[in-house]
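These notes are meant for a colleague who is opening this structure for the first time. They follow its charged side chains, one point at a time.

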Amino acid sequence: MRVIITENYAEMSVFAANYVAQRIIDANPTPEHPFVLGCPTGSSPLGLYRQLIKLYEAGNISFRNVVTFNMDEYVALPEEHPESYHSFMWNNFFSHIDIKPENVHILNGNAADLKAECENYEKMIEDAGGIDLFMGGIGPDGHIAFNEPGSSLASRTRVKTLTTNTIQANCRFFDNDVNKVPKRALTVGVGTVMAAKEVLLVVNGPAKSNALRHVIDEGVNHMWTASALQMHQHGVIVCDEEACVDLKLSTYQYFKDKQTLEDVVSEYINKF
Ligand code: GLP
């Protein structure tokens, strides 16, 4: 696993976006061989999306031949609800770039048959040739997508009941009223994310420091589902200093030294 420690949220976002952009450029996607990008929601990736939009506006990158699959969606929340992940993605990313609407895939949390919806989603990912790069964030309890603690690390797309912790964390988007937060979601599985050719997580702020410690310093554990990234061949975590405060000092110094030697931060920050 690579761990890139950046100064702050802005630097983390620029690094992550430039990294993703460079991957898409290197793949030289075509309509026949598109680049398949996995997309998260949440506040963590907002800066990353803003930077990708900037790169698009500056003519550095096009999303014409990019196909996307989102991580998750609430169950029974209307698509047009301002806090649905459909709304989130169009408002914060897709409406600002040249992606073709038919290339966007987001789980339908209002499907009549939720199980069939999930199975079909896995099939669509497979038909697209698998996900080239899955971007993601983590919850304060170390969850990835909506794979709550205790989720199978081999899980695939399915319905999940949200934990009290997650409902509380997300009630800030629903007038701070836990009763308004949907109680279930459709989510790709940990196994779905791990099947991507590359996974890049952005982790920022002190609220994530305990989770980051479990993901990096502790062993692979289903109670901290993002820790499965330790088993991925190409896992990258881009974090800020604040998220690192609970890491062992020796772990923190190890990754700082390593990245200074590679000079990877300045390379990607100054990429475009
Ligand atoms: C939700 C999403 C996750 C996201 C997490 C953290 O649970 N399903 O994909 O990583 O929130 O969100 P934030 O980045 O706002 O802290």
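Which side chain of opposite charge is nearest to Asp72, and how far away is it? The points below begin with that residue and then turn to charged side chains that do pair.

1. The model is a predicted one, and in it Asp72 is found in strand 4, which covers residues 72-74. Asp72 is buried and yet has no salt bridge, for the nearest side chain of opposite charge, that of Arg158, is 9.6 Å away.

2. When neighbours within four places in sequence are left aside, Asp72 is in contact with Thr41, Tyr85, Ile106, Leu107, Ala145, Phe146, Leu186 and Thr187.

3. Side chains of opposite charge can pair when their charged atoms come close. The structure holds 11 salt bridges, and one of them joins the side chains of Arg2 and Glu262, with 3.0 Å from N to O. Because Arg2 belongs to strand 1 (residues 2-6) and Glu262 to helix 8 (residues 249-262), this pair ties together parts that are 260 residues apart in sequence. Arg2 counts as partly exposed, at 30% relative accessibility, and Glu262 also counts as partly exposed, at 40%.

4. Lys115 is exposed, with a relative accessible area of 59%, whereas Glu119 is partly exposed, with a relative accessible area of 48%.

5. Asp132 and Lys197 form a further salt bridge, in which the closest N and O atoms are 3.2 Å apart. Asp132 is placed in the loop between helix 4 and strand 6 (133-136), while Lys197 is in the loop between helix 6 (190-194) and strand 9 (198-203), and the pair therefore ties together parts that are 65 residues apart in sequence. Lys197 counts as partly exposed, its relative accessibility being 45%.

Methods. Residues numbered from 1 in each chain as written. Predicted model: local features only at pLDDT ≥ 70, side-chain atom pairs only at ≥ 80, totals over all residues. Heavy atoms only, no water. Salt bridge = Lys/Arg side-chain N within 4 Å of Asp/Glu carboxyl O. Helix = DSSP H or I, 4+ residues; strand = E, 2+ residues; numbered from the N terminus. Buried < 20%, exposed > 50% of the residue type's maximum accessible area, 1.4 Å probe, protein only. Lys, Arg positive; Asp, Glu negative; His and termini not counted. Contact = heavy atoms within 4.5 Å.
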